[in-house]
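Subject: Structure handover

Hello,

Here is the structure we spoke about. Please open it first, then read the notes below.

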Amino acid sequence: MPHILIVEDETIIRSALRRLLERNQYQVSEAGSVQEAQERFTIPTFDLIVSDLRLPGAPGTELIKLGEGTPVLIMTSYASLRSAVDSMKMGAVDYIAKPFDHDEMLQAVARILRDRQSAPAAAETASSKPATGNGKASVDNSNGEIGIIGSCPPMQDLYSKIRKVAPTDSNVLIQGESGTGKELVARALHNLSKRAKAPMISVNCAAIPESLIESELFGHEKGAFTGASAGRAGLVEAADGGTLFLDEIGELPLEAQARLLRVLQEGEIRRVGSVQSQKVDVRLIAATHRDLKSLAKIGQFREDLYYRLHVIALKLPALRERGADVNEIANAFLARQSARINRTDLKFAADAEQAIRHYSWPGNVRELENAVERAVILSESAEISADLLGIDIELSDLDDDEFIGLPPQTAGNTSNNSHEPTEDLSLEDYFQHFVLEHQDHMTETELARKLGVSRKCLWERRQRLGIPRRKTGVASES
């Protein structure tokens, strides 16, 4: 049974987290500070340390060094992710923003423990391989090879499926809106497959003229058409032994679809103008933002090809569906763009972080990357404001007025004002307890910042849990 150490100074959340983990068959010890953890336990003996970032005395990142290789999952109750990203640079294995739901925490814990368990086997395999040029053995790191930023539950589910599907030769169809990163998923599937050392050929079907698509994909013989002065191998042939990634496959003409179907069914291609076929060993990964099943029903996409492609379907969520991931991705883009212009002082202002979190991003990750690049180029100060991002969002929509007029809370919800946690206190209970305890002397902005959520998220949770906001002056008038 894995043994987990929780280091958290707030008794309520520490107790709730302990019970959550114990219910899921983990052995749990707890401490209120780094010093207490040192005095009571031999820290390196734990399988995982879950620690708050801000603690009395030493910060939670001190446990990275004290753990001597034990993975440390950092919790942060601040809306800004910069401190969490800094923690990872110091060696934390991952971070999670408070308040978090049960599934999010359990998925993170399970993933970290699974990766730690597989690390010795990977290291043993690597030690039997030839050393690299710098004298160090190469150790595979599937987390790193996935190469996608984000830790929300839909993405964790996607990572799990990628790891399961990648070692197979099954065809994969990646679905998602434009700009969500479908090629990154394809690249991860290739990198984690047995074909990783062979080429991955990427083709944007929408970018090749319809008259040339068959020649580009399958090659042509000399004289096959006007201008074909020499024979040429196609992209499918170039991917022999590796992976062929067809982006926007919904744009592929019907004639080319028929040829592609032959590749999938027979493992053969025939160049344009040739009467002979040749064998190819290609794994196909396709991507689209369109509904291929609907296109097949109206005759715009071959139904038999659709079912050949749809062996494994991976759904990539839109950026607006990924919660706090958007801020994490924005900070990664900020670091990358800052490095390009040799600036280390740039950071997002509070209004920019709020705008990033609440804008719908119709262009998804691609739009976010462009917005950050533009802001970095135009920035004249260390703080990037929302205006520089060019986001069309009214921050005034998140004013305090939205928090007023919620339905009254039931007596059962308000009865527990004790500072001591109850036996069945969940993380949602912690949220409710914290808001009720502090809303008389903290503003909505301060409450949201302490809980590590946006004001809009705080408002949504109030509505879901039925917690009314006390209107200013009500207490003095009664």
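Asn-204 has Asp-247 of strand E8 as its bridge partner. This is a predicted model, so treat everything here as computed from it.

E8 covers residues 243-247. Five of its five residues are buried, which leaves the strand mostly covered. Its side chains split by direction. Thr-243, Phe-245 and Asp-247 point one way. Leu-244 and Leu-246 point the other way. Both sets are buried.

E8 also pairs with strand E11 (residues 283-288). Four bridges join them, again in parallel. Thr-243 is bridged to Arg-283 in E11. Leu-244 has Leu-284 as its bridge partner in E11.

Now E11 itself. Six of its six residues are buried, so the rest of the structure largely encloses this strand. Arg-283, Ile-285 and Ala-287 point one way from E11, while Leu-284, Ala-286 and Thr-288 point the other way. E11 pairs with strand E6 (residues 172-175) too. That pairing is parallel and has four bridges. Val-172 stands opposite Ile-285 there.

Next, the helices. Two packed helices are described by the angle between their axes and the distance between the axes.

How do helices H14 and H15 pack? H14 (residues 325-340) and H15 (residues 350-358) meet at an angle of about 125 degrees, with axes 8 Å apart. Angles over 145 degrees count as roughly antiparallel and 65 to 115 as roughly perpendicular, with this range between them counted as oblique. H14 and H15 are therefore oblique to each other. H14 passes H15 in a right-handed crossing. On the H14 side, the contact is made by Val-326, Asn-327 and Ala-330. On the H15 side, Glu-353, Ile-356 and Arg-357 make the contact.

H14 packs against helix H16 (residues 364-378) as well. Here the angle is about 45 degrees and the axes are 9 Å apart. H14 and H16 are therefore oblique to each other. Their crossing is right-handed. From H14, the contact residues include Val-326, Ile-329, Ala-330, Phe-333 and Leu-334. Arg-336, Gln-337, Ser-338 and Arg-340 of H14 also take part. From H16, the contact is made by Val-365, Leu-368, Glu-369, Val-372, Glu-373 and Val-376.

Leaving out residues up to four places away in sequence, Gln-257 touches Leu-252, Gln-300, Phe-301, Arg-302 and Leu-305.

Last, the overall numbers.

- The protein has 22 helices and 14 strands.
- Of its 478 residues, 47% are buried.
- Among contacts with a separation of 6 or more, 68% are between residues 24 or more positions apart.
- The accessible surface is about 23400 Å², and carbon and sulfur atoms account for 47% of that area.

Best regards

Key: Residues are numbered from 1 along each chain as its sequence is written. This is a predicted model: local features need pLDDT of at least 70, side-chain atom pairs count only at pLDDT 80 or more; totals for chains, interfaces and linings use all residues. Side-chain values use heavy atoms; hydrogens and water are left out. Buried means under 20% relative accessible area, exposed over 50%, partly exposed in between (1.4 Å probe, protein chains only). Helices (H or I, at least four residues) and strands (E, at least two) are DSSP runs, numbered from the N terminus. Two strands pair if DSSP finds at least two bridges between them. Contact means heavy atoms within 4.5 Å. Accessible areas come from the Shrake-Rupley method with a 1.4 Å probe; for residues, only the protein chains shown count as cover. Axes are lines fitted to C-alpha atoms, for helices over the stretch in contact, and angles run from 0 to 180 degrees between N-to-C directions. Angles under 35 degrees count as roughly parallel, over 145 as roughly antiparallel, 65 to 115 as roughly perpendicular and the rest as oblique. A crossing is left-handed if the near helix is turned anticlockwise from the far one by less than a right angle, and right-handed if clockwise.
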